[in-house]
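Here is a walk through a structure with several chains, taken one contact at a time. Keep the viewer open as you read.

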Amino acid sequence: MPAETCIMGLFKDDGKAAKVILDLPAAGFSFRRAHSPIPSHRILEALKLRKGRVGWFTLTGGIIGFFAGFALAIFTSVQWNLIVSGKPIVSLIPFFIVGFEFTILFSVFGNVIGLLVCSRLPDYGGLASYDPRCSGEHFGVLAACEAGREGELMDFFQKKGGEVKVFA
Amino acid sequence: MTDLTYAQIDETVLNTLERPRPRYWVFVALMLCGVLLGAGAWAYQIFVGIGVGGQDIPVAWGTYLINFVFWVGIAHSGTLISAILHLFRAGWRNPIARAAETMTVFAVCCAGLFPFIHLGRAWQVYFMLPLPNQRLLWPNFLSPLMFDVVAISTYLTVSSLFWYTGLVPDLAVVRDRSTGLRHKIFRVLSLGWSGAHHQWLNYSRGYLFFAALATPLVISVHSVVSWDFALGVVPGWHTTIFAPYFVAGAIHSGLAMVLTLMIPLRRIFRYEAIITLNVLENVAKTMILTGLIVGLAYGTEYFIAWYSHNAVEWESFRWRAMGEYAYGLYFMILCNVLIPSLFLLKAVRRSVPWLFAISLAVNFGMWWERFVIIVGGVAHDFAPHAWGLYAPSLVEYCIMVGSFSLFFFLFLLFCKHMPSVSMTEMKETAHHAG
Amino acid sequence: MNRRTFLKLAGLGSVSFAAGCSPESPKYLYSLVQAPEDMVTGKATWYASTCRECPAGCGIIAKNREGRVVKVEGNPLHPLNRGKLCMRGQAALQAVYNPDRLKTPLLKEKDGFVPIGFDRAQALLKTKVWEAARRGADRVRLMTEVVGESQMEIFRAALKNWNSSPPVVFEPFAYEALKVANREVFGVDGLVSYRLDQADMLLAFGAEFLETWLSPVEYAWKFKAMHAARGPEKGLFFLVSPFQTLTGANADHWLACAPGTEAVVALGLVRQLLDIRRGKHLPPDLREALEKATEPYQQEAVLKLSGIPLAQYEQLVVRLTEARRPLVLGAGSGQSDANGLAANIASNLLNLLLDPELSLIDAANRHRVETAARRAEVLDLFKALFSGQSDVLILNNVNPVFNLPPENGAKAALEASNLFVVSLSDFIDETSLLADLILPGSLPLETWDDYSGWSSLVSTLQPAMGKITEAPHIGDLFLDVGFETRPVPDYKTYIAERLRKTGRIRNELEWVRTLQQGGLFPAAGQVTSASPATRPQRLPRELASPYESPPAGLAFAVAPSVRFFDGRGANKPWLCEIPDPISRVAWQSPVMIHPATAKSKGLRTADVVRVTSRWGSLEAPVYATEVVHPGLVLMAAGQGHTAYGRYAKDHGANPLGLLPSAVEPACGGTGCGLPDITLEATGRSVELAHTDGSRIQHGRAFILTTTLADLQKGPPPARAGLTMGDFPLTLPLPEGYDPKRDFYPPHDHDHYRWAMVVDLDRCIGCGACAAACYAENNLGIVGEKRIVQGREMAWLEIVRYHDERRMERVMFLPMLCQHCDNAPCESVCPVYAPHHSSEGLNNQIYNRCIGTRFCSQNCPYKVRRFNWFDWEWPEPMNLQLNPDVTVRSKGVMEKCSFCIQRIKEARTWAKNENRPIREGEVTPACVQTCPTDALVFGNLMDKDSRVRRLCDDPRAYQAMGYLNTKPAVIYLKKVLHEV
């Protein structure tokens, strides 16, 4: 397979960027990545991506937490087996609070893990082909082309009204 | 809402991270001294005995528990603003969300200290943790205090994670605009965030879930705190209204603290363009609501005390208004209900000095509300032969100063070394506006 | 005799061992190679002895653990106190282990006292006395406290050898007036005892027989024998006095007479009885003389002088004349002035008029304190000493410098240069300070002796522990210094010899048995008694001249203290820490005035006032209370020491400093009050170290009362509701469960459900239970400052409430952990430190407690106590600590445990004989000592147990029961005589 070059087009407006993303395939370039300072709906729509799968992690965490909470409370009280204030040893009503808090806690753990896994963070390598401006006011579209077509791609980006950055 | 360009936003916020002036370090040092004072007082208390405080029988809980509830209350508006208002898509929360969340995290830290400080045998605090041990000694999950342990630690964990997650894209911004050591540090902190589309895709999803989870949490936490009292039999504590009453109160005090912090911040960091008067006005409007809820709660308590025909309950509330601690009641009614209702006047809402003054008043009033409830309840409860009063001791005052110092110490460090306004969210606002 | 008692007596040590317990090396006790026969490590040995904290002479048994006494209890075989003991008796231990107790004699040199050896001190004393004796007659004088007959004989003998006159027996309260009254009316030259228990109506003119008067424990149980509600029956008690103390608080009717008019009322009553033709049996000329003498005391005059409302006075007369077995008691302990004298004589006459047989007067069992000399003799002695008529003065455990009013001549006499003063005291008190030689003697719990509270019986003392100091017994000391050669080997033999001579015992065996049971007593029930034989023939000459009641004006009165007696108790921290029953103030000595008086002078409670009389002045905080006459300033005796150790010194003020020392010639005694004083505000005020909150209970269900009429009507139809008023009695048992009221299912206990019944109609509020609790459970002494801060540690406190409708009526409530079935304190603890035991106890696990204090917050009875600091037991006080009870460290919560250590002990016994614990085997310290049997402890699950049967009493209720905590402490309502 011939060598590829990655070139990034930087646009001030995510509308333009989205349009570029849509037109890239027609122009025969392959889209790699889009960088943006904010989550841009236009870009995400242009990419026609399914919803993230973070939710599943969150849900799993929640379910585990709920049962873990109750389990802990019941286990400990049964260990003692002491009556306090004439209440039953295993009183589910107060234990619900433990269950609830654990649900939240573990859901959040699940959520964070999900976030890291799905968005593949931490990812220090990814910064190799990245332009700092993308965290400022530019929306970057990273595309690849076969060796020799770099010029075409640059023109393409510039026509769309963007600045260009080449990654060797 | 804001008509700033992305560049201006970045510039304004990043300017706040410039090398601080000496005056800043003076303040930091001052706060540090306060922290050391508190720490010293605590050490002394552990060495000599909890008796160096002013507590007694019947009033075995004093300023330690009051400050605990006070700080937990402060902590609440942070999550409220960043989570609940995020769900409501209230754009005006964006400029203050970051600072509010930070406030939350630090306030919870302060709050979390007090239950330890309060213990007669602080060195045995691990008895409250469900640590496996061969003697099979476990905590009692029927106790409201264990609810606290679970709720507060959950809250601290969640709010810190939430805070950091929101911080990541901004850390990337700082990384990209900095050089040298700071660049290296932020490179690590920002976890290599590049704003790539797949990151954003999951990020916004995850952030939404975060908000969705933090919302019930924040409500549950202060309900649990209120049950420390409501689950007791003590007149003035044992009432079902406490959970909503405390949550409203917490948000009330939290918003007040937000104003107290934001107004100087806005002035010093020249945030006028970002934290606009409208933002402050919106906070003020919310405080009118919370103030009214709190006022309603005060009224309801008295109504029920009278309506219940319970002699003990009624005597307790009669005494609350006419007894030795009556001034506390009047402080709280004045500062939490009457004064905030001045916000009904647009002129007041939009005058920064007024906003600041009233926010201070509410902070003061909410502290006294906790005093009236925590001390007033037991000081005059079922057993007339045991009625007694309580006054904080010097050690308690030192520890109180220490906790406030700790809070401002942390906050000062934060706002000069981390973006105190979320640039990303500001850009979003600008984006939707533009 | 219940089982526990039997076990104790079976275990009573026959002969005490000499295993020393020096504070230096208590370990030594555990390393005994051959322990004395009756000492087993970990097992208590009980020694019978006699209490010498006041002249009453109750029998005690002392609990010895590993060679040291850790607790004293009443001797159940002793006819005086029948196993009961008062607060002061309980605190006897704190004299033995007092950190300020002298370990060596002190000799006064130019620059203060220097410690010397006992041998040298004894030698010095011997040379001094014999030199003096050689110099002539009466060169050696001895002033002693009231002592037993053996010791008295030795004293007399020794003084005879020194050709000096017999000892002068000094008691601050010497009952001179009462003795005269008895001589004049009963023909008994001494102090008769009274069969209170057989009376149905009691009238007192100030005699505080529940606190200090003659024999308080004896009269406490006798009082309740007549005064406790028995079905529809209940004796009646009227008090005529310008103030109430503990005794007055127990009166059904308090007739507040103007200060100094008790005699007027008493004589008025004599008059009333004569008018209705009582006393026909009297010799006619005596009758006439009486009528003439009581002429000035017609009803109008009496009412006018005393200020008593007509209605009350008439009621008194009616009840007195209607009563079947009325008994009249005279004036208070200290009242030997004209007023007291006339009141006492009139009281005796009233008895004579009401009951010609004098069947309630017992001349056979006379109180030992009758041997005390009259105040006049005491003062004369000092005069003589001052004028240099003697060379040596020996003071045996007396403190006249503190106990006598100023201008008594004592100080001057002791300071006289040519007089060598030897004080046989274990403490440096105000008197010893002036002595040239302080020679401590061993204390009652460490020595052989005998003391007969009643003339009819013998009560022995034996060492209940090894000696802490090398101090010799006074008896042995006198055998050495009083004779050229010891007549007997030692004092113990001397006592045995004397008893054998008097025919009380025949042989060694009987001697041992006597020691074992603490004395020679008639078996219970067969106490011999005899009414006075002679009857007066002529008018007592003291009545010849009419009694002049003092002019109206602000008067001052000193009341003997239930805590300190005459002040000898003031160095015992328990007695200082346990607050005054009426004011609930500890460590301090406030002056009590009527709220109206306070108002008129613009004073409020805790304002410091200066009280000034012709003889002196003092400063003290005011305590406004309705239990004193508006014209009176009342103060308790006993505090205001300027020496006498760390606990006594500089606490409170000494009211005796205001009194005149002039004696009433007719009886040779003095009063305890004076008519005209000035009271002025100092503008300062202090924080009172009081342990109470509100003085009234705001209509709450803590103390409930019922009237005798209602009781006779029978219980009203029970209408069970959920309010404070109508919440039913819910026993802490499964049957106490009611789905309508209970959210949680019932829980059962295995075999035992420990519970206590407190009969408020029997409780007199004396605080003996509280003291016993301090002794048994190692409660910390926190001191004045901490009590002001609300940190007192009493597990059991006698709560005092005033009746909201009649503030002058005082009621008492023993408040301790209620051991609830649904205890609010338990569930709130995050670490299970408090929890419900399988036998229903509310356990508190000190090691587990982390000090959140939530349990105390949530306790509706506020009976939990917190260790704010590590409390101190200055050596050797630590030796008193009960080895069966943990000493709690700082930061943990504690509270009444129903004396769980005693439950465990009983369980061990039961287990060894493998059977269940029997009724009466477990007796908590408070229950054991209660002089009036107000407290009953037992197993609720046993259908026939006393506690269970008492729960069916219509008076049974639970404090604040409507909270549905299901307390295991059941109270029985106080029964009031309808007004």
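A polar contact, as used here, is a pair of N or O atoms within 3.5 Å; within protein, one must be able to donate a hydrogen and the other to accept it, and residues adjacent in sequence count only if both atoms are side-chain atoms. This is a predicted model, so local features need pLDDT of at least 70 and side-chain atom pairs count only at pLDDT 80 or more, while totals for chains, interfaces and linings use all residues. Residues are numbered from 1 along each chain as its sequence is written, chains are lettered from A and ligands numbered from 1 in the order in which they are written, and side-chain values use heavy atoms, with hydrogens and water left out.

Let's start where chain A meets chain C. Four residue pairs are in polar contact there, with both partners at pLDDT 80 or more. On the chain A side you'll find six nonpolar, three polar and one charged residues (Ala, Val, Leu, Ile, Met, Phe, Trp, Tyr, Cys and Pro count as nonpolar, Asp, Glu, Lys and Arg as charged, and the others, Gly among them, as polar). Chain A brings 10 residues to the contact and chain C brings 15, where contact means heavy atoms within 4.5 Å. Together the two chains bury about 1,100 Å², 69% of it from carbon and sulfur atoms; buried area is the accessible area (1.4 Å probe) that two parts lose on being put together, summed over both. A:Trp80, A:Ile83 and A:Ser85 supply 42% of what chain A buries here, more than any other three residues.

Now turn to chains C and B. Here 53 residues of chain C touch 50 residues of chain B, and the buried area is about 4,100 Å², with carbon and sulfur atoms giving 59%. There is one salt bridge between these chains: C:Lys862 pairs with B:Asp381, with the closest N and O atoms 2.8 Å apart. Polar contacts come to 29 residue pairs, both partners at pLDDT 80 or more. By class, the chain C side splits into 26 nonpolar, 16 polar and 11 charged residues.

What about charged pairs elsewhere? The whole structure holds 80 salt bridges over all chains. In one of them, A:Asp131 meets A:Arg133 at 2.8 Å, N to O. A:Asp131 is buried, at 3% relative accessible area, whereas A:Arg133 is partly exposed at 29% (buried means under 20% relative accessible area, exposed over 50%, partly exposed in between, with a 1.4 Å probe and protein chains only). In chain C, C:Lys966 and C:Asp742 pair at 2.6 Å, N to O. Each sits in a loop, and the pair ties together parts that are 224 residues apart in sequence. Both C:Lys966 and C:Asp742 are buried.

At its start, a side-chain oxygen of B:Asn310 comes within 2.9 Å of the backbone nitrogen of B:Val312. The buried residues of α10(B), including B:Phe317 and B:Trp319, pack against α9, α11 and α13 of chain B.

Note on methods:
Helices (H or I, at least four residues) and strands (E, at least two) are DSSP runs, numbered from the N terminus. A salt bridge is a side-chain nitrogen of Lys or Arg within 4 Å of a carboxyl oxygen of Asp or Glu.
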